[in-house]
Amino acid sequence: MADGSRILRYLDERFFVRDLKAKTKDGVLKELADYLSKDREVRDPRLLLEMLKKRESLGSTAIGSGVAIPHGRSLAIANIKVLFARHKKGIDFEAPDEEPVRLFFLIVAPPQDTNNEYLPLLGQIAELVKEPAIRDRLIEAQTYADLAQVLEGQGS
Amino acid sequence: MNGARILDRLQRLSHLQDLEMMIHEAEDAKAKKAEEEMGFHMRGLEKLRAARDKWRAQVDPRDLRLFDRIVKRHLRAIVPVEERICLGCYVTLPTSVSPPAGDQDRLLTCENCGRILYWLE
């Protein structure tokens, strides 16, 4: 089983969004950027949102099985941040399998990322969510402690 | 030209750099392969290049010239400042330098490496 404990270094309780309200892909990106912008390390929320939208034009960040991982580098942020969010009904995110997306991991890194943490972290999340049991538990997690347990690979 | 205007100019340039970085990574065979193995499909490179070219028209021509000149030497023409340190060359900025504000017209650049400083306070 993939170990997601490293993800917790970049995620905290403020960035566990249980129920996104947006009804469109662009709306979800804006809502995700708004939540992340509560962190003072986000220097420019508008710049962050523009980067996320442009990244989608390169190719959807939905990877199938109801999961999307919007990601990118931007001057808008000072340090790597991860946010996890859910959407109850699911959103059309132009996924390769055309399934609506219910689980979102947002990962944003500064351009300098001197320790090269960003791509391995992205890979770790992509690997983790391949497991159906993990996706089920991510949907069911009620508290941040539940989420942390899933990411740490405990209670499985 | 007031402080808000210069911050707007800096934001336009910053978005251009974000786009350039994204294109650079999508063109990098190793990085592209890594992302595709994770399940991301990057078929929109031409679309992204077109968006970048369109965006360049939104940037002040003087700023664009400066940006293009710096990019020839450094991949990242704009770098953040943290605790008065330029995160391009890691040299501490002199105390006489402060974040862009007021009626400042020129973008701030690092005296040591020449990069444009992304410094908001």
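Student: How many residues does the contact take from chain A and from chain B?

Tutor: This is a predicted model. The contact takes 25 residues from chain A and 27 residues from chain B.

Student: Which elements of chain A each supply at least two residues of the side that touches chain B?

Tutor: They are α2 (45–58), β2 (62–64), β4 (71–73) and α3 (118–128) of chain A. α2(A) gives the most, with seven residues. By class, this side of chain A has eleven nonpolar, eight polar and six charged residues.

Student: How do I read strand pairing, parallel or antiparallel?

Tutor: The general idea comes before the case. Strands of a sheet pair through backbone hydrogen bonds, in either sense. Now take β6(A). Strand β5 (residues 81–91) of chain A runs antiparallel to β6(A), joined by seven bridges. A:L83 has A:L106 of β6(A) as its bridge partner.

Student: Which strands of chain A run parallel to β6(A)?

Tutor: β3 (residues 67–68) of chain A does, over two bridges. There, A:A68 partners A:F104. β4(A) also pairs in the parallel sense, over three bridges. In that pair, A:G72 partners A:V108.

Student: How many residues of strand β6 of chain A are buried?

Tutor: Eight of the nine residues in β6 (101–109) are buried, so the strand is mostly covered, taking buried as 20 or more other C-beta atoms within 10 Å.

Student: What is the strand order in the open sheet of chain B?

Tutor: The order is β2-β1-β3, three strands with mixed pairing. The edge strands, β2 (85–86) and β3 (116–118) of chain B, each pair on one side only. β1 (residues 78–82) of chain B runs parallel to β3(B), with three bridges. One bridge there links B:V79 to B:L117.

Notes. Residues are numbered from 1 along each chain as its sequence is written. Chains are lettered from A and ligands numbered from 1 in the order in which they are written. This is a predicted model: local features need pLDDT of at least 70, side-chain atom pairs count only at pLDDT 80 or more; totals for chains, interfaces and linings use all residues. Two residues are in contact if their C-beta atoms, placed from the backbone, lie within 7 Å. Helices (H or I, at least four residues) and strands (E, at least two) are DSSP runs, numbered from the N terminus. Ala, Val, Leu, Ile, Met, Phe, Trp, Tyr, Cys and Pro count as nonpolar, Asp, Glu, Lys and Arg as charged, and the others, Gly among them, as polar. Two strands pair if DSSP finds at least two bridges between them. A residue is buried if 20 or more other C-beta atoms lie within 10 Å of its own, exposed if 12 or fewer, and partly exposed in between; C-beta atoms are placed from the backbone.
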